[in-house]
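Please look through the structure shown here, beginning with the whole chain and ending with two single residues.

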Amino acid sequence: MSESETSKTPRNAAAGAKQAQAAERPVHEATELTKRNAEYMRQMRKSLDATALSGEKKTAVLNEMTSTLLVEQGRGTTARQLYGTVQERTEEIVNPKKTRVERQKANYWVTALDNGLMLFMIFCLMYGIMGFIGTNATKNSAGANGITAILITSAIGGLGVAKLFEYLMPAKDGKKVSLWKKIAWSVLAIIVWMLVFTTMSMIQGPLNPVLPGIAYLIIAVVVFFARMWLKRRFNITTSMF
């Protein structure tokens, strides 16, 4: 082998080693965005500046997006393909989508409020009519038709009914609840609510004032329209009525 060939061999080997290292180097070692992605991030920064997000939040979001793009652009992915339009991405950051668990919790409280208002409206309507009639039943139920008793009983009833609906509805994960368990929970819920109702009926005096019949009827009408607005606003379908 000639001296020239011998001198070329190490150089060729070194070049080959460098090429192999370059091929194995992770894509995220890129330090600059493509022009298209850089323009997207410029528009993104401008869009976020127009929101009420804190400076720290905006910086964290932009840094995270930039880091992700430095990796993905090496695979031919653009920012638009990864995040959608700037407006869509901004909306997602400002108003992040709730997880399934968060949605369930939110739906539970809205359903509880709806059913609580429904019970409160029924009680007010019933005791309002009884107040106008002036029957002996009204006098004998002075504790049960007090405004405090009605409020607490309705609130606990709304929470219980919402939880019962949540338990009785078909599970999304495919798990089925046996019929006897559903019946047992329903009976238990009714018993607990009746105990609360009976206990609240024992409270009389200033802590549980009885309002005039007309007052109860006015409250019932106001609650009816409030409940109608609530059902339309949150598209409530899980309620007794």
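What share of the contacts in the protein with a separation of 6 or more is accounted for by residues 24 or more positions apart? Such residues account for 77% of them, where contact means heavy atoms within 4.5 Å. This is a predicted model, in which local features need pLDDT of at least 70 and side-chain atom pairs count only at pLDDT 80 or more, while totals for chains, interfaces and linings use all residues. Residues are numbered from 1 along each chain as its sequence is written, and side-chain values use heavy atoms, with hydrogens and water left out.

The protein has 10 helices and zero strands, where helices (H or I, at least four residues) and strands (E, at least two) are DSSP runs numbered from the N terminus. The protein exposes about 16,400 Å², of which carbon and sulfur atoms supply 63%, the areas coming from the Shrake-Rupley method with a 1.4 Å probe and, for residues, only the protein chains shown counting as cover. Of the 241 residues, 27% are buried, a term that means under 20% relative accessible area, whereas exposed means over 50% and partly exposed lies in between (1.4 Å probe, protein chains only).

In the loop between α3 (55-72) and α4 (79-83) sits T78, which counts as buried because its relative accessible area is 16%. Leaving aside neighbours within four places in sequence, T78 is in contact with R36, N37 and L69.

L179, by contrast, belongs to helix α9 (residues 179-201), and L179 counts as exposed because its relative accessibility is 62%. Between the C-alpha atoms of L179 and L168, which are 11 residues apart along the chain, the separation is 9.4 Å.
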